[in-house]
Amino acid sequence: MKMASRIMTSTALAGALFGFGCVSPDETANEQASVADATSSENGLMAINGLNFSNGLMVSNGLMVSNGLMVSNGFMTSASGRTTMSYVVRCALPAGRTITKKDQYGTSYSYSGKLGLAPEWETNACGPTCQRYVSACLMAHVNTVGVHIPLWLDAAPPSVGWGRSATYPHQEGSFFGNLFVSPPQAYYCNGKDFATDVVPGRLGATQVGAPYANPFGGSGRCDNFCVPNPAPHTGDGYKSCAGFNEVITVWRQ
């Protein structure tokens, strides 16, 4: 059994590079429930704010408590940037890990890990695999209208894992790319159920200002272009899409 994480954020964000967020700044409520495999989460990011695409997330410094993501890169100097920071940490670090950063006024903020897709980033550089998994995770949590929608995540890393839930029967789509490079590589493809029970701000809806594009054109379904996982996880998600091996597949209620 794995522990599922419901990541709750609130605060509508504005003026982002491309939008995520929704919470009172830097405040989150985490709820855990036991489930079979994979991981549940709740999206709500309106924009991916504060990512400096000219030099990435200061990847040479990593998420180090001592010097990590520098204040000057835009994360800690605004409420929306700090919300972005909270999602970066939740995607990268595992549950039980917390880092503390200060804003330009010396006020400290603590951010907790949850999904553990790039635990090495706490003390080391975020290499290409780290960058791509964190990027896919951030894109998977975007909701362009700031509505919180429960999601089920499937991915290869054991901290997320493979497996389906009867509560989340609809395969919405898969996310992949690298937001740390310039220009950013931000992609998705439609799952087989992307047009079923469509929800605001997600795939299948009329998304305005979405940070990602479908590289396969049109309705570009994942099952027509991506490499499926081998048994026993065939149908849970994808081994690779458009040359990216770090893919996160999302299911919704």
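Tutor: A residue counts as buried here when its relative accessible area is under 20%, with exposed meaning over 50% and partly exposed in between (1.4 Å probe, protein chains only). This is a predicted model in which local features need pLDDT of at least 70, side-chain atom pairs count only at pLDDT 80 or more, and totals for chains, interfaces and linings use all residues. Residues are numbered from 1 along each chain as its sequence is written, and side-chain values use heavy atoms, leaving out hydrogens and water.

Student: Why is α2 largely enclosed?

Tutor: Because 10 of its 13 residues are buried, α2 is largely enclosed by the rest of the structure; helices such as this are DSSP runs (H or I, at least four residues), as are strands (E, at least two), numbered from the N terminus.

Student: And what do those buried residues pack against?

Tutor: They pack against α1 (79-92), β6 (150-154), β7 (170-178), β8 (185-190) and β11 (248-252), where contact means heavy atoms within 4.5 Å.

Student: Which residues does Val134 touch, leaving aside its neighbours within four places in sequence?

Tutor: Val134, itself buried in α2, is in contact with Ala92, Ala118, Trp121 and Phe180.
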